[in-house]
Each structure stands twice: as structure tokens, then as C-alpha cells.
Amino acid sequence: MEEKQKFTWKWSYTLLLLLNVIYVILFYLLMKSYI
Amino acid sequence: MRFDNLGQIDWIVLIGTLLFIVLYGTYKARGSKDVVDYLKGGSQARWWTIGLSVMATQASAITFLSTPGQAFHDGMGFVQFYFGLPIAMVVICLVFIPIYHKLKVFTAYEYLETRFDLKTRTLTAILFLIQRGLAAGITIFAPAIILSAVLEWNLIYLNIIIGVLVIIYTVSGGTKAVSVTQKQQMAVIMGGMFIAFLIILNYLPLDISFDKALDIAGANGKMEILDFSFDFENRYTVWSGLIGGSFLALSYFGTDQSQVQRYLSGRSVRQSQMGLIMNGVLKVPLQFFILLIGVMVFVFYQFNPSPLHFNPAGVKDVMNSEYAAEYQALEDHKRLVEDDLRVKQIAFARADDPTQEKSLKEEIVQLNRSEDSLRSQSRVLIKKANPNAETNDKDYVFIHFILNTLPRGLIGLLLAVILSAAMSSTASELNALGSTTAMDLYQRNTPGQTQSHYLKASRWFTLLWGVIAICVASVADLFDNLIQLVNIIGSIFYGNILGVFLLAFFFRYVKGTQVFIAALINQALVIGLFFLDVYEVINLPYLWLNFVGCLTVMLIAYILQLIKNNSKGNSVTS
């Protein structure tokens, strides 16, 4: 465990975070439409 | 114990579904040869199996009973609690999974011995066993108390039935049986909830479209999904969801063996990562959907009579007391408000003039406030009639709707949904409790035995934890909202455990003894903070305990290491 661990970023992580940002934007629009 | 409150077709659907899942799981996962087979499912799981298993583990019966009730009373804001989950999924995929797979560990705590020492591994394993052992009992107890109240079934028998069904396949088939059954349980759960949603829409008056239903919900404050305020008093805001929620999710999915074991069964690092990404993609929409069902139940009750208080045990208490007449008067008043509300809602649905719509909206909001006030007064009466009574009826809203509105057959299916959810979470918990006891405590301290010996030990420990969970469920007592109870227990321990793991992954400077001492001090500190909040000395909502607990353990360990290194440096110099 003493060797340094390398962390590899993958495009699927970016997509996952983006998708969830889109969910929040959709919730915002939905909220605005029905309040 | 009553059996006549369900129809024959409900019993057939309910018993048939549950027995099929138990027997299929036991059959499919028979013949484990060694502990790798039993505890890691032979390391053969593909990403969709892992994803479904992770989701089924988190989605307990509490999720399906409490969440719609939460939306019924407080609207959709609870969805914000899950905003941090995708961030946690990315961190786990990036850091935790590659290390766990590389070291081929059976449990998350095993890694801590490689990084720190045996005592830190043992301490975190024991903290996990305490909190998860209690939580497993609550996972069984939560649906049992509700079903026993509404169906007049014996609580103890129900605890035993749920517990024994889970024990049968979890003890015999281990991790593979858990994931095989969770696939079917998720199919039953999602199918049942989707059908319930369609039925609710179908039961709304003809001129109430889905759009109009959302309009009615919005007029009554149920569509306030996002709260961007920095108010510490508000439990669910975008910020508490992002910060508190990601810490809670990071601890739960990254360090809780009941979740770690799901993705350790993956056939490769990639498969495990994809499983968690699937969870990150589906979790927020799934919670949104369950909350939306609760909001639609609210809209349904705008056109149909609803009880003043949804928990039948509370109503029974008050009706058998000197406050019965007062309660009856509140009920009569509510009927009048309800009648008025129904007329106004229909007029609102048909209104095409914006001015008329606006004035009707105001009247509806006013009527709903009156109804809320009557509900509050009813809770006061129940509390007076029985000071020990639970007056929070959120957990009873959806089950009341199911039992009193859905057609025969579907009631059985929805009960199967609730019990499947209880079984899927309990199975993962027992599986993890058995594994941690077998690998971190038993095998570590009695090395040199054969594979079949450890396999047998794992089975016995799983059985033992099953019995303990049933015992905890049988003595548990309900307080406040059930979903909160599980989260509070988690929040007290999770931050500390997560802090230890973060130190292990990112702070190579800090060593085992300092982490161990820091974890002990910190656990006492977090419990102290929780009670200071309970007794209103400070204001710290429990979700923040994860965050605080995690940061303080890291800080204390770092300071202890700094002091040790300084004193070592001084003694070398002198």
C-alpha cells in the first residue's frame, strides 16, 4: 500500500454529474411552473 | 390476529410473490464452495446486478412507506437530500473501488489494517456492527409496526416472519442469494409503485389532468422542490443535500459493508464502477418519483375524504379517552372543510379566467390551512389521551391509501412491494454483518483453519445476526419519523468511520495509533454534540453530524500525529 495510487478520471463520471445538474435544472423549471 | 382484512386474491399475490423470491434465491445460490463464493458471490457479478443490488439495499420499506407520506405533508423538498449522492458515487469509483479491488479485500475494514493497524480495523468493524446491527432491527421493525397497526396483525409474529424469510436465503446462499433476490425484489417494487401511480391518476376526477393535479399541488406548496436558502433550521435545502448528503452517501456507500459488499462482488473494477454509476443516474429520479406519488395522494385527498389522523392506533387511543367528544367535533369540522374544499377544487380545475383562478387558489390554500390546523389539534388530543403515543402519522398516509383505495389484488401486490423492500435491505445487512464478524473479528483472530470452516462460521454468524435483528425489532419503540431514526443512527457513526477512511486514502502522514485514539475521542464528541442538540443547548441538525464527525476525527488525528512527530523530533535533538 505504500506505492502511490493513481486515480483515473473517466468520461462517464462527467456525464453522471452533468446529468444530475440537468435534473436540478428540470426541478427548478418544474417548480417555477407550478408555484 | 386478523386475516379477513385482505381478500383471497391479495393473499395469493402476497404469499406467492414472497415465497417465489425466497425459494428462487435459495435454489439459484445453492452450493457455495468457499468464502469467496459465499461472501463475494464468486466475484462474478455484472454492473446491472451490482447497480440493482446497491439500489435495493438502500431502498428499504421505510423508503416506500415514509417518503410518500413526507411529500403528502411537506411536499417534494426531501429530494434535495439525494443531491450529494452522485458526487459520492464519483469519489467512490475514483478512489475506493480501485483500492478495494487491488487488495482483494472481503470487507472495507480489512483495508484499514493494511493501511494502519489491527486495532483501527477492529474498532471500525465494531462501530459498524453496532450501528448496522441496530439498523437491521429497525429495517424489519419499521414496516412491521405499520402493517401491524393498520392490518391488526401481531407485531412480534410479523417481525419473526420477515426476519425468518430473509434468514432462509441469506444464510444458505450468501451474497449471491442476496443479489439474485434483489433483482426480483426491485422488479416487484418498481412495477408495484408504477401501477400505484397510474391508479392514483386514474382515480382523480375526470376533468383533473396531470397538469392540473400539479397545479393544485403547487397551489398548496407541495411543489417547492428546491430551497436555496442558507437557513440552518431547514433540514432539507440544496446546500444541506449537496454537503451533508454527499458526506452521508460517501460514508454509506464507501465504508458501510452492507453497500461495499455489493460492489466487491463485481467481476472487475469497471463492472463495480458501472454499477455505482447506474445508482447515481437513477437515484434522484427514483426518489422524485416516489415523492410525486405522495403529492398525487395529496391531490387525490383533495377530492376524497381522508382521516383526521392516519395512524389508527392514535385514533383508538383518543376515542377510548375523555377527549373522544372533542376529537369527534374536530372530525365533524374537517368533513365540512373537506366538502367545501372539494367544491372549490372542482371550480379551480374548470376555471379558465386567471382572476377567478387566483381567487379560488387563495380560498383553497386557506381551506388547506384550516385542515392542517385541525390535524395539529387532533395530534394534541392524541398526546393528551396517551402521552406516549406517536403523533407523527406520515408513515401511515400511503398505507392508508393502499388499503382503502386500491382494488383487490393490487393491495396484495403493494404489500409485497413493502415487504420485498424490507427483505432486500435486511438481506444485505445480515450478509454484511455476518461477513464483518467472520472476516474482521473471527478469521483475523483464529487463522489457519480450512475454507469450509470459515464458510461454516460465516453462515453461523449471519444466522446469529438475523436472530439479533429480530430481537432488536421486537423490542424497538417508535419515535418521530422512522426514516429519521435510521438516518440519525447512521449520522452518529458514519462521519467518524468516513474520516478514518479519508485519512487512510489521502493523508499518508497520519499513522494508525493516532487515528485509533482520534476515532475514540471523536465518537464520544459526536454523541455529546447529538445530545446537546436534543437538549437544545446547541442547534445542529443531525445530518451535519456526518460532516462534523468526519472533519473532527481528521483534525484530531492530524494534531496528535503532529504532536507525536514534534516530541520525537525534540527528543532526537536533545
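Of the 574 residues of chain B, 54% count as buried (20 or more other C-beta atoms, placed from the backbone, within 10 Å of the residue's own). This is a predicted model, in which local features need pLDDT of at least 70 and side-chain atom pairs count only at pLDDT 80 or more, while totals for chains, interfaces and linings use all residues. Residues are numbered from 1 along each chain as its sequence is written, and chains are lettered from A and ligands numbered from 1 in the order in which they are written.

Q: How many helices does chain B have?
A: Helices here are DSSP runs of H or I with at least four residues, and strands are runs of E with at least two, numbered from the N terminus. Chain B has zero strands, and its helices come to 21.

Q: What is the radius of gyration of chain B?
A: The C-alpha trace spans about 85 × 60 × 45 Å along its principal axes. The globule rule (2.2 Å times the number of residues to the power 0.38) gives 25 Å for 574 residues, so chain B is as compact as a globular protein of that length. Its radius of gyration, taken over C-alpha atoms, is 25 Å.

Q: Are α4(B) and α12(B) parallel, perpendicular or oblique to each other?
A: Helix α4 (residues 61-74) and helix α12 (residues 269-303) of chain B have axes, fitted to C-alpha atoms over the stretch in contact, that lie 7 Å apart. The angle between their N-to-C directions, on a scale from 0 to 180 degrees, is about 55°. Under 35 degrees counts as roughly parallel, over 145 as roughly antiparallel, 65 to 115 as roughly perpendicular and the rest as oblique. The two helices are therefore oblique.

Q: Which helix supplies the largest share of the side of chain B that touches chain A?
A: Counting residues as in contact if their C-beta atoms, placed from the backbone, lie within 7 Å, 24 residues of chain B meet 18 residues of chain A. Helices α5 (85-103), α6 (108-115), α9 (210-219) and α12 of chain B each supply at least two residues of that side. The largest share, eight residues, comes from α5(B).

Q: Is B:N539 buried or exposed?
A: B:N539 is found in the loop between α20 (512-534) and α21 (543-573) of chain B. It has 10 other C-beta atoms within 10 Å, and 12 or fewer is the cut-off for exposed. B:N539 is therefore exposed.

Definitions and conventions: Two residues are in contact if their C-beta atoms, placed from the backbone, lie within 7 Å.
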